[in-house]
Amino acid sequence: MPEITKCIKCGYESESNKLKFRVPLCDICERFSPNDENSFKEYVNEKLDSKVLETFRKYSKPKGLPQKQGMSDKAEKGELMSRPPFGYNIEKGKLVPAENFREIEEIFEEFLTTTISLNQLAKKHSFSVNGLKKILKNFTYIGKIKFNSQVHQGSHTPIVSSTLFNHVQNKLERLGTKKI
Ligand SMILES: [Zn+2]
């Protein structure tokens, strides 16, 4: 008989929860969990509201799909859990705007409304050009979450308006075609 257990990280109750280091985890928390036992304990102690994961649960197909391993796994984990994007902090498993969140909006506006080059803008805010590009393309800032290469509605507070974000995407594309 399959037994219903409660995910120790997010509280999700299911009979498909798995045991790792002898604690029950739902498929999503399990997928993001570190394999090193010490990091694992830290990870588990940082509780997560299972609602945060609802979007992922809806779209993830635990059965039939092979477990993603290696790089992509780590990339997803990094994006979602361990390193919040610049302008956000992680509190209780949720993304919350950090003290510096206005700087993000400034960067988007400056890029859109001035003729400053990506190079100059990156320098001004102490980013690498690639780091800056990642910021300007990051859906997190409009309240969405990229997961398994699909963009989903997140449950966190946006810090950039969709209009501003879309205009910036257009300008990035324009610059891209001109190879600047
Ligand atoms: Zn869980």
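Two residues are in contact when their C-beta atoms, placed from the backbone, lie within 7 Å. The protein averages a pLDDT of 81, with 79% of the residues scoring at least 70.

So much for confidence; now some ground rules. This is a predicted model, in which local features need pLDDT of at least 70, side-chain atom pairs count only at pLDDT 80 or more, and totals for chains, interfaces and linings use all residues. Residues are numbered from 1 along each chain as its sequence is written.

Zooming out, the protein has 8 helices and 8 strands. Buried residues make up 18% of its 180 residues; a residue is buried if 20 or more other C-beta atoms lie within 10 Å of its own, exposed if 12 or fewer, and partly exposed in between, with C-beta atoms placed from the backbone. Take the contacts between residues at least 6 apart in sequence, and 45% of them join residues at least 24 apart.

Next, the inside. In soluble globular proteins, nonpolar side chains tend to be buried together. A nonpolar core is a set of buried Ala, Val, Leu, Ile, Met, Phe, Trp, Tyr and Cys residues joined through C-beta atoms within 7 Å. The largest one here has 13 residues, and Ile104, Phe108, Ile135, Leu136 and Val160 have the most contacts inside it. Helix H5 (101–113), helix H7 (129–136) and helix H8 (162–177) are the elements that give it two or more residues, and H5 gives the most, with 4. A second, separate core of 10 residues includes Cys10, Leu25, Cys29 and Phe32.

Buried in H5 are Ile104, Ile107, Phe108 and Phe111. Seen down the axis, they fall within an arc of 95°, so they line one face of the helix; the arc is that of the directions from the helix axis to the C-beta atoms. On the face turned away from that buried side sit the exposed residues Arg102, Glu106 and Thr113. Leaving aside neighbours within four places in sequence, Phe108 is in contact with Leu136, Val160, Leu164, Phe165 and Val168.

H7 has its own buried set: Leu132, Ile135 and Leu136. They cover an arc of only 95° around the axis, which puts them on the same side of H7.

Finally, a few spots in loops and strands. Phe21, in the loop between strand E3 (18–20) and strand E4 (23–25), has a phi near 45°, a positive value in a residue other than glycine. Phe21 counts as exposed because it has 11 C-beta neighbours inside 10 Å. Val151 lies in strand E8 (residues 150–153), and leaving aside neighbours within four places in sequence, Val151 is in contact with Phe139, Lys144 and Lys146.

Technical notes:
pLDDT is the predictor's confidence in each residue, from 0 to 100.
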